[in-house]
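Please look over the sequence and the model first.

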Amino acid sequence: MSFGMLGIQFGFALQGGFMSRIFQTLGADKDAIPMLWIAAPLTGLLIQPIVGYMSDRTWHWKFGRRKPYFFVGAMLSSIALFFTPYSSALWMAAGALWILDASINISMEPFRALVADKLPDSQRSYGFVVQTLIIGTGTWIASNLPWMMTQLGVPNTAPEGVVPDSVKYAFAIGAFVLFSSILYTILKTKEYPPEDMEEFEAEKAKSKGFLVGIKEIFGSIADMPLVMKQLGVVQFFSWFAFFTMWSFATPAITEHIFGATDTSSAAYNDAADSVGNYLGTYGLMSMFAALVLSFFTSKYKINRKLLHLVSLVAGGVGFIMIYFITEPWMLHICFAFVGIAWASILSMPYAMLSSSVDPKKMGVYMGIFNMFIVIPQIIAALGGVNLLYKLLFGEAVINTMLLAGTLLIIAGLSNLLITDRKAAHD
């Protein structure tokens, strides 16, 4: 049932790894890149709670509850992913990113809710870890696609202001994988109807209407469990750190490690391909970490809080190491540590959350939980990253990695706020 996450992660990995490269190719200044990303988290802030709320109240005898949203999101995401690298101006690329992220968000949280729908609490750590294993696979493959295309002879350079063919081919492959993997999940996954159909229909009729739905969403936000608020602090610092990486890893590493700044030069595009390859390491490591965890959680109970704390601190150390390394190959070590954090971010918070909310509201709470992902990204995009890294560490763009590492360590230590034993343990 998690196979569709492979395709979703293809979309996210290509978006996260190469949108900044596309923006730079189209003439964006490094400090302007976070602002160009702002449409993506803003869209998630609006769409995911609404989609989660709607999916909680959806049931069709043939199409199920979550699967209709998978399909709509898959169609729109695939189209947006294919056309994004053909943007000829910055406003077009920013608009394409907005459409792409909105479309992926339509599918994303229903997938999270589906895991909680189908598994009892005792198996949810295992379920989310297996999902993370698939996500890690997608991250690694997708991050390496432009490099693979270059190795196959596809040009990775183009005239100034034009995205190279290697990136265009990678996005096209990503669009195909995204749609086909989600379609496979739709065809192969069985969803169960509500236990009491009459009660389900009565509740749906009672909450009928757009304004009633909005009121219920805000009511759910006001009544969110304490564990969700505590996890929100952890999520805030975690996703601020990763947004910093997605926005600045390419310009920071191509400049600091490879000494390449001319975005139309072969040296820059070779370096950018290499950055994608190194970024793929965090996907590969998250896949390995998830594989180990999947074996472990299938047999033993775990302390989710402690595991998440250690994993995030390890990722923070990995980001900070990027500043100090002397050879490009060492980036594999740095991003391996980051991959440990990524594996935990994609599984442990959702396992802890799913143990603390009403199963009937799983979709809407998964959507609301996304607020703690997108709000830090919005703050970062509105100047938070530029202000903090320059204020704390200095003007050089590589200092963004020091900022990301510091924030991820703070996120790890914030797990100490979580005191609910049911959430912290299987």
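## Basis of the model

The model is predicted: local features need pLDDT of at least 70, side-chain atom pairs count only at pLDDT 80 or more, and totals for chains, interfaces and linings use all residues. Residues are numbered from 1 along each chain as its sequence is written, and side-chain values use heavy atoms, with hydrogens and water left out.

## The salt bridge

One salt bridge is counted, the term meaning a side-chain nitrogen of Lys or Arg within 4 Å of a carboxyl oxygen of Asp or Glu. Arg 21 pairs with Asp 273, and their closest N and O atoms are 2.8 Å apart. The two residues lie 252 residues apart, Arg 21 in helix 1 (residues 4-25) and Asp 273 in helix 11 (residues 266-297). Helices are DSSP runs (H or I, at least four residues), numbered from the N terminus.

Both Arg 21 and Asp 273 are buried. Buried means under 20% relative accessible area, exposed over 50%, and partly exposed in between (1.4 Å probe, protein chains only).

Gln 24 is buried because its relative accessible area is 8%. Beyond neighbours within four places in sequence, Gln 24 has contacts (heavy atoms within 4.5 Å) with residues including Lys 30, Thr 250 and Tyr 268.

## Partly exposed Leu 183

Leu 183 is located in helix 7. Leu 183 counts as partly exposed because its relative accessibility is 31%.
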